[in-house]
Amino acid sequence: MISALLPRLVPRGYRPALADRRFRRLLPALAASDLGDGMSTVAVAWLAVELAPPGGAGPLIAAALVAYVLPGALGGVLLGRRLQPMPPQRLMRADALLRAVLLGCVPLGQVLGLLDPVVFVVLLAGSSLLHAWGGGARYALVARLVPAEHRLAANALLSTGAWVSTVIGPAVAGLLAGPLGPAGIIGLDALSFGLLALRAGRTEVPPQAPAPDGTRLRDGLRVLRARPELLGLTAVTWLFNLCYGPVEVALPLFVAEELRAGAGLLGAYWAVFGLGAAAGAVTAGALRRLPLRPVLLAIVAGHGAAMLAFGPHGPAVLSLAGFAVGGVVYGPYSALLSHLFQERTPQAWLTTVLALRGTVLLTAAPAGAALGGVLAGPLSPRQVLVGTGLAMLAVAAVAGPLLLRRGPSATGSPARHPGAGPLPTIE
């Protein structure tokens, strides 16, 4: 029923992307899991604050965030040979099922009196083991179900759904933090992934021609090396995510220590960020015909400039407004970047290349979170937040001359030869 209403609820320009019934039915399940993750944005950090010993909140928040992401990079490398032949819908199901089971153990462990910082971090780590492949499978599945001319719209729908959930999720988490507690909220996240596993298991995709022999992560690297544009943007995105990592550590401390507030205000920060990002994601379709490399670099710089709003001492509304603007700027980034990868990677290599990209990028946020944990001692949360903005501006300034000198900037138009075949050369 929900899938039948979707074409009426989205803007007209995005409706052709919903023509495929399988994609239309999968989208609500993806949105549900995004909503669960939106709630966990608040719950994981706040549960770490509750479980931490006196004076240890910063390091435990960092450890929890690292555990929630970094094992996905290890799984991307160590399990690639076994997982690569699986169709994208089965990869999504495996990732969602693992997350549902292990995240569900968090509230269970608290009820049984077994949840301590070590158990909490171990459960988060296990839940993320397949995330590089599961995340890459989402966009690989879009490329299988949606015609090339509508893929950017489909990517934008995925991104918009994720950001809308980031608006609703933290707000809901703030409301439920009292009656359920953060562990109960993580249990709801587990339930959302259970729903995604059920829907992904029912999604049938026509078989694809066999991939070339030796399609592994190291072969995906050969594909990226043949396309310096994609390789360079992967490096920029890694640095962007690295700079962003300390935000997830410093923001809860900023709310708790400098603003003397609770989980409700933390949820408000993530909600306004998600609201801005959802609004920004809708603009991805309008941006597709612009030179995308300058657009992506401008997003990095613009988001960094917005983080400087945390600098002035004043009421929370000032930094809330800056965080919302940062969300608007960041909103279209994922859709535009995924569109470039879909259009410039042969179909038979797409899952592998996206999994490689996910594996690489998954290491950035944990490294940034670990850095945030280290910086939480000598620097104040406000200084860390402003420092991340300055670092993003520096990344854009340094990367600009390197990326933009590689010939004309690519737009969102499809590549001329997107089919499968031998390892591609630069087009």
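# Helix packing and burial in a predicted model

Tutor: The protein chain has 20 helices and 0 strands; helices (H or I, at least four residues) and strands (E, at least two) are DSSP runs, numbered from the N terminus. This is a predicted model, in which local features need pLDDT of at least 70, side-chain atom pairs count only at pLDDT 80 or more, and totals for chains, interfaces and linings use all residues. Residues are numbered from 1 along each chain as its sequence is written, and side-chain values use heavy atoms, with hydrogens and water left out.

Student: Why are H6 and H10 called roughly antiparallel?

Tutor: The axes of H6 (residues 88-111) and H10 (residues 181-201) cross at roughly 155° and come within 7 Å. Axes are lines fitted to C-alpha atoms, for helices over the stretch in contact, and angles run from 0 to 180 degrees between N-to-C directions. Angles under 35 degrees count as roughly parallel, over 145 as roughly antiparallel, 65 to 115 as roughly perpendicular and the rest as oblique. H6 and H10 are therefore roughly antiparallel.

Student: Which residues make the contact of H6 with H10?

Tutor: Contact means heavy atoms within 4.5 Å. Among the residues that meet this are Met-92, Leu-103 and Val-106 of H6, and Ile-186, Phe-193 and Leu-196 of H10. By class, the contact has 14 nonpolar, 7 polar and 3 charged residues. Here Ala, Val, Leu, Ile, Met, Phe, Trp, Tyr, Cys and Pro count as nonpolar, Asp, Glu, Lys and Arg as charged, and the others, Gly among them, as polar.

Student: What makes H3 roughly antiparallel to H19?

Tutor: The axes of H3 (residues 57-67) and H19 (residues 364-375) cross at roughly 175°, and that makes H3 roughly antiparallel to H19. The contact is made by Gly-58, Ala-62, Leu-65 and Val-66 of H3 with Pro-366, Ala-369, Ala-370 and Gly-373 of H19. The contact of H3 with H19 has 6 nonpolar, 2 polar and no charged residues.

Student: Why does Leu-320 count as buried?

Tutor: Buried means under 20% relative accessible area, exposed over 50%, and partly exposed in between (1.4 Å probe, protein chains only). Leu-320 has 17% relative accessibility, so Leu-320 counts as buried. Leu-320 is found in H16 (residues 316-330). Leaving aside neighbours within four places in sequence, Leu-320 is in contact with Leu-265, Ala-268, Tyr-269 and Val-272.

Student: How many residues of H3 are buried?

Tutor: In H3, 9 of its 11 residues are buried, and H3 is mostly covered. Of the 427 residues of the protein chain, 54% count as buried.
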